[in-house]
Amino acid sequence: MANIYPKLILDALRNVRYPGTGKDIVEMGMVSDDIHINGMKVNLSILFEKPNDPFIKSVIKAAETAILTYADPNIEIKGNIEAKTTQPEQPKSAKLLSDVKNIIAISSGKGGVGKSTVSVNLAVALAKKGYRVGLLDADIFGPSLPKMFDEEEAHPYLEPIDGKEYIIPVEKYGVKMLSIGFFVNKNDAVVWRGAMAGNALKQLIADANWGELDYFLIDFPPGTSDIHLTLVQTLAITGAVVVSTPQQVALADARKGINMFTNDKVSVPILGLVENMAWFTPAELPENKYYIFGKDGAKELAEEMGVPLLGQIPIVQSICEGGDKGVPVALNENTITGMAFDHLADNFVASLEKRNEELAPTQKVEVHNK
């Protein structure tokens, strides 16, 4: 058995050159002086200027190969080289919404499918079941939440907490809510560039006292804009609910919405689809169903994409009236639509619990048990 000593290791590492400089890593001072040798096992560190150096993996691999080639092929080195950085570690920022168990995106590929109606009534239905619910209206350019809760004249106030002032969300029907609509004139158009809209949203999230919540629902704006990217990059979103009508043109955009959340850059799981305006039912003929936008379109899309269909919400005149009057239909579970949203809330919770069971124990999403 050959004797292994530090100089033998260093001489071998002189054959490893850092890409782009032409110099070897020993000459550049990248090999730390913490070389530890225990029999044939060698541990050492290589220093990099930045933690995100693009050549970390290739340099470490080259170092392992050089030691086995030029020192001794029997040395135990694979996995024993640690990458360290000479750049001081940046302090970690506090996790946003640390008291919130589940952050849920409610999205649609296009406007006009009733996404805000679904968001509001799902929030109310969950609150009626005893869950602690928050609702953020993320549609900066077309906020509708104040109108749908009959709180257009509400003005959230600031409250000092630990030396910092926080926005106190408006609360109604057991739901804590914030919208840019509370801070602008309801008759004025919001004409902002994307960066301004993104910063306003971040403020409604980070500078508000949301408290402990079981579910924080975010009513996303239509489409797949930079607002969506800002939110998914700012928050650890638990999952997304996609809303569509049965109409094929809406389903085409719903596919794009699903793709936005599930692609490699975002990786937010889809908890399920909601088919809104699934059929028209006259209040006086509750057994009748008229499929004015097509039949089972979102149901078939859910089967195609391998995601749950959380609910089918019919069109009933009371939905429109409830939204205009600020009295969500989910408040009355004895109506057709009230029962539909009650059923939706149950399926939503069940889908989250199922996802929870499928995750490794260290990744589990908390679901509040009443």
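User: Is Y18 buried or exposed?

Analyst: Y18 is buried, with a relative accessible area of 13%, where buried means under 20% relative accessible area, exposed means over 50% and partly exposed lies in between, using a 1.4 Å probe and protein chains only. Please keep in mind that this is a predicted model, in which local features need pLDDT of at least 70 and side-chain atom pairs count only at pLDDT 80 or more, while totals for chains, interfaces and linings use all residues. Residues are numbered from 1 along each chain as its sequence is written, and side-chain values use heavy atoms, with hydrogens and water left out.

User: OK, and how many aromatic pairs does the structure hold?

Analyst: The structure holds eight aromatic pairs, counting rings of Phe, Tyr and Trp (for Trp, its six-membered ring) whose centres lie within 6.5 Å, with planes under 30 degrees apart called stacked, over 60 edge-to-face and the rest tilted. In one of these pairs, the ring centres of Y18 and F55 are 5.6 Å apart and the planes stand at 85°, so the pair is edge-to-face. This pair links distant parts of the chain, since Y18 sits in the loop between α1 (6-13) and β1 (36-38) and F55 in the loop between β2 (41-48) and α2 (56-70), 37 residues apart. The helices (H or I, at least four residues) and strands (E, at least two) are DSSP runs, numbered from the N terminus.

User: And F55, how accessible is that one?

Analyst: F55 is partly exposed, with a relative accessible area of 31%.

User: What about W279 and Y291, how are their rings arranged?

Analyst: The ring centres of W279 and Y291 are 6.1 Å apart and the planes are at 70°, so this pair is edge-to-face. W279 is buried at a relative accessible area of 12%, while Y291, at 32%, counts as partly exposed.

User: Which residue lies over the face of W279?

Analyst: That is K289, at 4.1 Å from the ring centre; a charge sits over a ring if NZ of Lys or CZ of Arg is within 6 Å of the ring centre and within 35 degrees of the ring normal. Elsewhere, Y131, Y215 and F348 form one aromatic cluster.

User: Staying around β12, what is phi for M277?

Analyst: Phi of M277, which lies in strand β12, is near 55°, a positive value in a residue other than glycine. Most residues other than glycine have a negative phi. D296, in the loop between β12 and α8, also has a positive phi, about 60°, although it is not a glycine, and D296 counts as buried at 19% relative accessibility.

User: Switching to helices, at what angle do α7 and α8 pack?

Analyst: Helix α7 (residues 248-262) and α8 pack at an angle of about 35°, with their axes 11 Å apart; axes are lines fitted to C-alpha atoms, for helices over the stretch in contact, and angles run from 0 to 180 degrees between N-to-C directions.

User: Which residues meet there?

Analyst: From α7, L251, A254, R255 and I258 meet G297, A298, L301, E304 and M305 of α8, where contact means heavy atoms within 4.5 Å.

User: Where is I205, and what is it in contact with?

Analyst: I205 lies in helix α5 and is buried, with a relative accessible area of 3%. Leaving aside neighbours within four places in sequence, I205 is in contact with L97, L136, W210, L231 and L235. I205 and L136 are 69 residues apart in sequence yet 8.1 Å apart in space, C-alpha to C-alpha.

User: And where is N209?

Analyst: N209 is in the loop between α5 (194-206) and β10 (213-219), and is partly exposed at a relative accessible area of 30%. Apart from neighbours within four places in sequence, N209 is in contact with I161, Y166, I167, I168 and P169.

User: Last one, how much of the protein is buried?

Analyst: Buried residues make up 48% of the 370 residues in the protein, which has 10 helices and 13 strands.
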